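Here is a briefing on one protein model, grouped by topic. Please keep the sequence and structure open while reading.

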Amino acid sequence: MGIKKYFSAEYLLQMFRDTCKRFPISVGFAFMLFIATFCAFCEVHRSVQMWFFLFFYTVTGCVLNISLSIWGEGCPKKPLKYLVVSVVNILWLAYCIYAAFDFPYNHKEWLGMPGLCAFSVAVLLSVYCLPFFRSKSDAPFWNFATNFTGVTFGSIVAAGVLAVGITLLYVAVIMIFDLGEVIKPIIVIDSFLLCLVMPLLIMGQIPPKEQIYNDTNIGLNKFFRGVIKFMFIPLLAMYLLVLYLYGLKSLITFELPNGWVSILVSVSMFFMVLIYMVLYISDSYKEDKLSGFFVKYIPWIMIPLVLFMSVGVIRRFNDYGITIPRLYLLIVNIWFLAICVFFAVAKHKRMILIPASFSVLFVVFSFGPLSAANITLKSLRTSVTDWLAKENAQLPLTDTAFENLVNQSADSIRAFEIGSKLAYITHNYPEEKYSDIVDDRVSEYRLRNPELPRVDNSMMCNGIDISGYYYLYDLPIEHNLDAHYTKFYYVSHESYYTDEEMLQPIIKHSFTPTGTTTRFTFEVSRDTLMERSRKYADYITLKNDSALYFLREYSLDIKHDNCRLSTEGCLFVK
């Protein structure tokens, strides 16, 4: 018979019977998904929450019960199996109802969307991890992962190509024979192929219990070994070279790492973990010197870079404060460090712990009281309410009340910082999370940009006239103005330098602000100007014995015979 038997009606019918017997709940979810999809395309009226629930619950329920069914095949106690399956399905139904209740999510629903993503990832990874925790080695996990991934990809491609092909044929027949628009038949066919046939194909090709828990390692074929050896490892090496060169530069120049370090380290860690897991589980590192060197030393090579990333993360916390993405970045950074230490010191390494730990951390810090959104909200609320209590503010705040607080506060810079935190809360959280602090009619813009008091058409802050400069919050908030500074000047100046002057490591920048006859001179590093020229979002702070100068905008225009330095900023004078 050969390959023909796999497409015979008898074989397909038997596969369907075996699939229904082995994965009865998942097959039921697949039928529910098919019906829901057909009804949606037929424009059956339902609420958005109902459609979200039907699609999310049926898709994730199908995947989750595939995982539970495979796990149950290895569970020696049937009562325990039925109890776990029942409890998990009840809890998952409750969560799906809870998630659908607040759908659709908007930009303020940080409390809902991360949890939804985390649970979805956890359900998907449970298929790979849950059935194999009792195994003594990672061989069954590796064998099943490679097989299931290939089967899933092949089934998606087969069902997708078939659906597209039939749709094109159907549309062509309608157009050629001018039969009019008859949409429902093709909707039924496409829904049947994509929502029912595709999951049934995936479930029908999952190996039986005897093969799933087989400890024989199937290894890694030569093609993928070559891809890892000649593509992935060299690419990772280039990433590491760039990071170590930048780290060396930072040590020499005493500069803290910028945000790109976190991105490069994160991508490098992703490649490292992927390559390490494949080489270790498949035992390929024993067959090649380069792979063996990689498995033995790469964790130690990555640890300094992860610590370097930690410095960058801490810097961003110190410079800008806590936010939800930064807290996630800190959690990922700690997880990266734990993985590197685990790879470096553990004698018996279970690679199944890597995806499992990621799922657990993602869920814990995305849903419930320990979620990054809740921790951030609690931290910001504490900071805001403590300051408001110190200022004896009457809550909830109105536009006028907050502006009065800013104007009357002894620390205006701190007041602007509190306004930014309040604006972050109102932008990212639903109203019930902050209604006791600030009135819901107060706009985010007014919180970030309160009006400063005007005296004779000038603007005042801490007794300093800052006429001509729109918002004091534009200044770096870490520089609080003390009582020694009594005057303010808005500066817009151009200086010209010869080639010889521009070759000096320190450039003297002199100017006389409008409204005074005093000339001020500041020294600025040529390398700093060259590196940060035209980066208008970054300040350069210059200081001498009598004044403090914030360069708000600056640029270099280099010509063959001279160089023009254009600066714009604010000058505070003692």
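**Aromatic pairs and cores**

Phe-53 and Tyr-57 are both buried, where buried means under 20% relative accessible area, exposed over 50%, and partly exposed in between (1.4 Å probe, protein chains only). This is a predicted model, in which local features need pLDDT of at least 70, side-chain atom pairs count only at pLDDT 80 or more, and totals for chains, interfaces and linings use all residues. Residues are numbered from 1 along each chain as its sequence is written, and side-chain values use heavy atoms, with hydrogens and water left out.

**Aromatic rings**

- Rings of Phe, Tyr and Trp (its six-membered ring) pair if their centres lie within 6.5 Å; planes under 30 degrees apart count as stacked, over 60 as edge-to-face and the rest as tilted.
- By this rule the model has 30 aromatic pairs.
- One of them is stacked: the ring centres of Phe-53 and Tyr-57 are 5.1 Å apart, with planes at 10°.
- Both Phe-53 and Tyr-57 sit in helix α3 (residues 48-73), four residues apart, about one turn of the helix.
- Helices here are DSSP runs (H or I, at least four residues), numbered from the N terminus.
- The pair of Trp-335 and Phe-358 is tilted, because the ring centres are 5.4 Å apart and the planes stand at 50°.
- Trp-335 belongs to helix α12 (residues 324-345) and Phe-358 to helix α13 (residues 353-364), so this pair ties together parts 23 residues apart in sequence.
- Trp-335 is buried at 15% relative accessibility, whereas Phe-358 is partly exposed at 34%.
- One aromatic cluster is formed by Phe-52, Phe-56, Trp-92, Tyr-95, Tyr-98, Phe-119 and Phe-367.

**Nonpolar cores**

- A nonpolar core is a set of buried Ala, Val, Leu, Ile, Met, Phe, Trp, Tyr and Cys residues joined through side-chain atoms within 4.5 Å.
- The largest core has 83 residues.
- Its members with the most contacts inside the core are Trp-92, Met-269, Met-272, Tyr-276 and Phe-294.
- Helix α10 (residues 259-281) gives the largest share of this core, 13 residues.
- Tyr-276 is in contact with Phe-294, Val-295, Ile-298, Pro-299, Phe-343, Lys-349 and Met-351, leaving aside neighbours within four places in sequence; contact means heavy atoms within 4.5 Å.
- A second, separate core has 27 residues, among them Ile-322, Ile-324, Leu-377 and Trp-387.

**Salt bridges**

- Side chains of opposite charge can pair when their charged atoms come close.
- A salt bridge is a side-chain nitrogen of Lys or Arg within 4 Å of a carboxyl oxygen of Asp or Glu.
- The count by this rule is six salt bridges.
- One of them joins Glu-73 and Arg-22 at 2.6 Å, N to O.
- This pair links distant parts of the chain, with Glu-73 in helix α3 and Arg-22 in helix α1 (residues 9-22), 51 residues apart.
- Both Glu-73 and Arg-22 are buried.
- Arg-350 and Asp-138 also form a salt bridge, at 2.9 Å, N to O.
- Arg-350 is in the loop between α12 and α13 and Asp-138 in the loop between α5 (113-129) and α6, so the pair ties together parts 212 residues apart in sequence.
- Arg-350 is buried at 13% relative accessibility, and Asp-138 is buried at 8%.
- Arg-381 forms a salt bridge with Asp-436, with the closest N and O atoms 2.9 Å apart.
- Arg-381 lies in helix α14 (residues 372-390) and Asp-436 in the loop between α16 (412-428) and α17 (444-448), so the pair ties together parts 55 residues apart in sequence.
- Arg-381 is partly exposed at 22% relative accessibility, and Asp-436 is partly exposed at 40%.

**A buried glycine**

- Gly-219 lies in the loop between α8 (209-212) and α9 (222-253).
- At 18% relative accessibility, Gly-219 is buried.
- Gly-219 touches Trp-142 and Ser-282, not counting residues up to four places away in sequence.
- Gly-219 and Trp-142 are 77 residues apart in sequence but 8.6 Å apart in space, C-alpha to C-alpha.

**Nonpolar surface patch**

- Leu-169, Val-173, Ile-176, Phe-177 and Leu-179 make a nonpolar surface patch of about 540 Å².
- Patches are made of residues with over 30% relative accessible area and no salt bridge; like charges are joined within 9 Å, and nonpolar side chains (Val, Leu, Ile, Met, Phe, Trp, Tyr) within 5 Å.
- Accessible areas come from the Shrake-Rupley method with a 1.4 Å probe; for residues, only the protein chains shown count as cover.
- Ile-176 is found in helix α6 (residues 139-176) and is exposed, with a relative accessible area of 65%.

Terms used. Helix = DSSP H or I, 4+ residues; strand = E, 2+ residues; numbered from the N terminus.
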